[in-house]
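Colleague: I would like to go through this model with you. Can we take the sheets, then the cores, then the helix packing?

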Amino acid sequence: MTAIIILLCVLLITIVLVQIGKVTELTAQIKGEREVLRDNSKWNGWLSVAFMIVFLVGVFISAWEYKNQMMGYGPHTSASAHGGALDDMFNLTLILTGIVFVLCHIALFWFAYKYRWQEGRKAQFIAHDNRLELIWTAVPAVVMTILVVRGLNAWNTVMADVNPNEDYIEIEATGQQFNWIIRYPGPDGKLGARNYKLTGANNQLGMDFTDPKTWDDVIPGQEIYLPVGKKVRVRITAKDVLHNFYLPHFRVKMDAVPGMPTYFIFTPIKTTSDYRNELRKYDEYNLPYDDAEPTGAKRWEKFEYELACAELCGKGHYSMKRILKVVSQEEFDAWYSKQESFYLTQVRGKDEDPNKDKVLDIEVRQRAREFSENVKKAVESTDVADKTLTLRHINFETGSATLTANSRYELDNLVTALNAFPGIVIEVAGHTDNTGDPLENQALSSARAASVVKYLTDRGISEGRLRPRGYGDTKPLAPNDSDENRAKKPQN
Ligand SMILES: [Cu+2]
């Protein structure tokens with residue numbers, strides 16, 4: 001039905017147009033062709049002038065109206081050190097092309113008016129003019145040279161790589177459908193190696209955990225933090241399709257290309273709260289953030305820097321937005337110290353951990369720190385519970401009193417503690433789990449306590465300070481209800 005109506009409408013409009021054509025022809029015949037030509041020319045001329053004025057006024061009004069949404073105007077000044085140079089380039093280009101645009105626009109429509117057809121006027125033809133040719137070749141060439149040279153200069157400054165001795169932090173952004181995986185180096189300041197063949201459900205980046213530099217790398221949650229005033233080098237990669245690492249407030253924009261690492265270096269110069277305070281001066285940012293809550297937070301209070309993907313990378317493209325917080329160095333350090341190593345929290349000890357049988361340097365350091373804190377507490381405390389130290393990382397071969405190679409780290413911590421506090425005397429208590437014969441377990445626990453004592457005396461601790469004792473399976477460290485718990489064998 002709708003189709004028939006549309007068809008009818010088209011038919012009727014065609015008939016109307018044909019009829020109008022016929023009427024025009026008829027009037028032309030009555031008035032004479034010349035008369036019609038003169039009228040048409042006059043109308044066209046005046047309409048050209050009207051269009052010239054209306055369009056120009058419209059251009060200026062809309063440019064003024066939207067200037068705050070355009071980069072570098074109103075509230076959205078650059079928040080990075082290099083951004084100002086890029087904004088200046090855009091401004092210069094805008095001014096130069098703006099002048100050319102206005103002149104061309106006026107000339108085009110003024111000429112259409114001025115040289116409209118008029119009775120008795122003949123066109124004057126100019127075949128060639130060297131001076132004109134020179135002017136309109138030389139002027140654009142000079143202007144283009146200025147723009148290109150300035151542009152190259154800015155490009156070389158913005159894209160210059162960091163000097164290895166410089167103070168900077170390097171992070172990594174990997175785009176995938178549809179999110180950014182951001183990786184920070186751990187306290188070593190270095191990002192570990194990656195190998196795409198290692199990519200898996202629990203290792204989205206394909207981090208190579210045989211490289212010690214990956215051990216402390218951090219993959220933070222939704223919010224990304226950066227310290228103000230510090231140079232940031234972002235390594236940019238992609239896993240599937242083209243993405244684009246885009247921080248509009250910092251004038252940072254770089255393609256993320258699968259198989260081709262790119263980078264961008266920038267220095268944030270305004271913290272999130274600095275930027276909010278700038279927005280505060282503008283009326284549009286003093287409107288309520290949520291229209292449903294007119295007395296609630298204002299727009300400037302809710303402002304956040306955003307990381308977006310500026311490549312149409314698929315239908316979930318929009319969801320690649322992330323919040324970036326630029327904070328003071330102290331706030332950054334506080335946030336950073338709370339971040340946990342991806343490897344140690346997600347991968348360590350699991351099947352995919354290539355270092356399962358090794359004790360890592362960072363673990364050794366961490367255990368030594370924990371141990372010395374516990375010893376200090378035990379020495380100072382009067383509570384019996386505090387005086388019992390569980391040596392969690394000492395293990396024996398199953399059913400034997402032979403210490404595993406990895407047990408030495410904890411025992412060395414104990415040697416350090418005994419040397420630090422020469423006055424203390426300890427009871428070394430051996431335990432077993434409750435599988436097997438209780439009598440045998442009793443013997444085994446005593447033997448285990450003895451091998452710990454031997455280890456300690458071999459390292460210069462006097463035997464008089466050590467009281468070995470076997471508790472058998474009577475005092476297990478963990479309830480004897482699972483294989484995992486049975487593996488825990490404390491000494492105190
Ligand atoms: Cu994307």
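Modeller: Two strands pair if DSSP finds at least two bridges between them. Keep in mind that this is a predicted model.

Colleague: Strand 4 and strand 7 are joined by how many bridges?
Modeller: The two strands run antiparallel. Pairing needs at least two bridges. Arginine 233 stands opposite isoleucine 265 in strand 7. The count of bridges joining strand 4 to strand 7 is 5.

Colleague: In the open sheet of 4 strands, which strands stand at the edges?
Modeller: The order is 2-1-4-7, and the pairing is mixed. From one strand to the next, the twist averages 25°.

Colleague: What is the bridge partner of glutamate 306 in strand 9?
Modeller: Strand 8 covers 305-309. It pairs with strand 9, residues 322-327, in the antiparallel sense over 3 bridges. The partner of glutamate 306 is isoleucine 323.

Colleague: Now the largest nonpolar core. Which of its residues touch the most other members?
Modeller: This core has 38 residues. Phenylalanine 245 touches Val234, Ile236, Met254 and Phe264, among others, not counting residues up to four places away in sequence. The residues that touch the most other members are Phe245 and Phe264.

Colleague: How many residues are in the second, separate core?
Modeller: Its members include Phe371, Leu418, Val428 and Val453. The number of residues is 14.

Colleague: On to the helices. Are helix 2 and helix 3 roughly parallel or roughly antiparallel?
Modeller: Helix 2 (residues 33-65) and helix 3 (residues 83-114) pack with their axes 7 Å apart. The angle is about 165°. Angles over 145 degrees count as roughly antiparallel. Helix 2 and helix 3 are therefore roughly antiparallel.

Colleague: Is the crossing of helix 2 and helix 3 left-handed or right-handed?
Modeller: Helix 2 brings residues including Trp46, Phe51 and Met52 to the contact. Helix 3 brings His105, Phe109 and Trp110, among others. The crossing is left-handed.

Colleague: How does helix 8 stand to helix 10: what does the crossing angle make it?
Modeller: The axes of helix 8 (residues 361-380) and helix 10 (residues 408-420) come within 10 Å. They cross at roughly 40°. That makes helix 8, relative to helix 10, oblique.

Colleague: Is that crossing of helix 8 and helix 10 left-handed or right-handed?
Modeller: Helix 8 makes the contact through residues including Arg367, Phe371 and Val375. On helix 10, Tyr409, Glu410, Asn413 and Ala417 take part. The crossing is right-handed.

Key:
Residues are numbered from 1 along each chain as its sequence is written. This is a predicted model: local features need pLDDT of at least 70, side-chain atom pairs count only at pLDDT 80 or more; totals for chains, interfaces and linings use all residues. A nonpolar core is a set of buried Ala, Val, Leu, Ile, Met, Phe, Trp, Tyr and Cys residues joined through C-beta atoms within 7 Å. A residue is buried if 20 or more other C-beta atoms lie within 10 Å of its own, exposed if 12 or fewer, and partly exposed in between; C-beta atoms are placed from the backbone. Two residues are in contact if their C-beta atoms, placed from the backbone, lie within 7 Å. Axes are lines fitted to C-alpha atoms, for helices over the stretch in contact, and angles run from 0 to 180 degrees between N-to-C directions. Angles under 35 degrees count as roughly parallel, over 145 as roughly antiparallel, 65 to 115 as roughly perpendicular and the rest as oblique. A crossing is left-handed if the near helix is turned anticlockwise from the far one by less than a right angle, and right-handed if clockwise.
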